[in-house]
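Have a look at the structure first.

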Amino acid sequence: MSQTAAVPDYGTNPAESGGAHSDLEENVLNFLEREREVGSFPGAVWAAGHASGIEAEGMVGHSVLKPARMRIGIDTIFDVASLTKPLITGTLILRAWADGLLDPGDRASKFLPELRNTEKETITVLDLLTHRGGFQAWYPLYTQGLGKTAYLDAIKRRPLRYRPGTRQIYTCLGFILLIQIAERVFEESIEDLTERLIFQPLGLRNSMFNPSPSLLHRIAATEWGNANERHMVKRRQLSFDDWRETMIWGEVNDGNAFYMGGIGGNAGLFSTAREVFEFGRAWIDGSERLLPSDITDRALRNYTIGLEENRGLAWQLHTPKPDHPTVRLSPRSFGHTGFTGTSIYVDPDRELIMVLLTNRLHPSCKPINTNYIRQKFHGFIINAWD
């Protein structure tokens with residue numbers, strides 16, 4: 001956990017703002033309560049605001065249903081899953097670019113010589129950041145061995161699904177490679193890098209990997225025994241004997257991240273709605289706390305024009321498709337989702353940041369349209385702002 005002493009400044013405290021957005025808060029509360037009642041998730045925390053800070057926020061439901069019932073709090077800590085990709089892994093790679101340690105056009109094999117003399121030798125850092133590296137969407141690397149070396153070897157042996165750069169298929173495998181590239185170019189552990197380059201500059205005190213057991217009462221639980229991944233592994237006719245047999249609570253839900261020590265590059269970050277908001281704020285407030293403005297500007301360009309989805313460097317960009325979370329947002333919007341039911345979206349044209357964190361996997365994975373919920377959530381906020 002971050003040991004930063006400074007108390008983060010999240011801007012306006014909605015409770016002290018005179019109820020400027022009380023109608024919005026009531027509308028979002030009612031909507032999320034209806035979704036909770038139909039079983040979309042046990043609980044949710046949300047925050048919305050501008051570069052100046054949070055202007056509206058709220059919560060509903062429970063952080064844990066089993067093995068105990070615990071009410072959710074505004075400071076509940078969530079496994080934010082794939083938000084780790086842009087908030088941590090992408091930021092570290094972009095920081096390395098800003099520091100002259102790499103260029104997105106560099107081949108990944110320059111930093112990971114294990115990829116040389118394979119079909120993956122020409123994949124670039126840019127390909128990995130934009131999900132156009134040729135990898136399949138998901139693979140349980142832990143079935144081939146545990147740890148960074150075993151994962152890298154497993155990725156090296158996996159056949160590519162398409163020629164790099166010709167398609168865009170969202171995948172965790174590229175970000176598992178990127179986190180290893182970050183460690184090698186900085187010659188520093190991901191924990192130390194994240195503390196020094198991300199948590200401290202943003203003043204975060206409730207964002208972490210591998211939370212301490214002392215924080216369990218503040219953490220939202222996910223699913224029982226990785227049942228979803230067990231099913232996917234079985235469907236692929238693979239075998240694995242080291243499954244977790246209890247409720248996943250205070251550990252990263254994603255198997256690839258968990259079996260790599262809790263930090264996979266694709267997942268592993270735990271955070272609160274207020275601190276996820278702070279990540280988004282750093283991208284539009286002009287402070288350059290994380291990255292120089294020229295790097296953030298380049299990161300938000302569209303590098304997948306004409307492919308399956310518009311992508312910047314680690315970020316999902318506005319994509320004009322009916323089921324896309326950005327459908328109500330401006331053309332320059334960007335954001336990301338997490339499998340556990342989390343999301344952050346930033347609309348620079350409105351200077352608007354929207355964070356929704358749910359525990360939709362708890363106590364089991366549900367076949368719901370989470371993007372519909374995100375679209376409706378964004379709609380309430382945009383209507384209030386516009």
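Predicted model: local features only at pLDDT ≥ 70, side-chain atom pairs only at ≥ 80, totals over all residues.

Residues are numbered from 1 along each chain as its sequence is written, and side-chain values use heavy atoms, with hydrogens and water left out.

Let's start with the open spaces. A pocket is an open set of points on a 1 Å grid over the protein atoms alone, with protein on both sides within 12 Å along at least five of seven lines; a cavity is a set where a 1.4 Å probe fits but cannot get out, and lining residues have an atom within 4 Å of a point. Points are joined across faces, edges and corners, and a volume is the space filled by probe spheres set on them.

| Space | Volume | Lining by class |
|---|---|---|
| Largest pocket | about 860 Å³ | 10 nonpolar, 11 polar, 12 charged |
| Second largest pocket | about 380 Å³ | 10 nonpolar, 8 polar, 5 charged |
| Largest cavity | about 30 Å³ | 3 nonpolar, 4 polar, 1 charged |

In these classes, Ala, Val, Leu, Ile, Met, Phe, Trp, Tyr, Cys and Pro are nonpolar, Asp, Glu, Lys and Arg are charged, and the others, Gly among them, are polar.

The largest pocket holds about 860 Å³ of space. Its lining has 33 residues, and closest to the centre sit Ser-82, Tyr-170, Thr-337, Gly-338 and Phe-339. Two or more lining residues come from each of α7 (227-235), β7 (334-338) and α11 (370-385); helices (H or I, at least four residues) and strands (E, at least two) are DSSP runs numbered from the N terminus.

As for the second largest pocket, α9 (273-284) and α10 (293-299) each supply at least two lining residues.

How many cavities of 30 Å³ or more does a search of the whole structure find? There is 1, and residues lining the largest cavity include Phe-78, Asp-79 and Asn-359.

Now for the helices. The axes of α4 (residues 148-157) and α5 (residues 173-186) come within 11 Å and cross at roughly 130° (axes are lines fitted to C-alpha atoms, for helices over the stretch in contact, with angles from 0 to 180 degrees between N-to-C directions). That makes α4 oblique to α5, a label for angles that are not under 35 degrees (roughly parallel), over 145 (roughly antiparallel) or 65 to 115 (roughly perpendicular).
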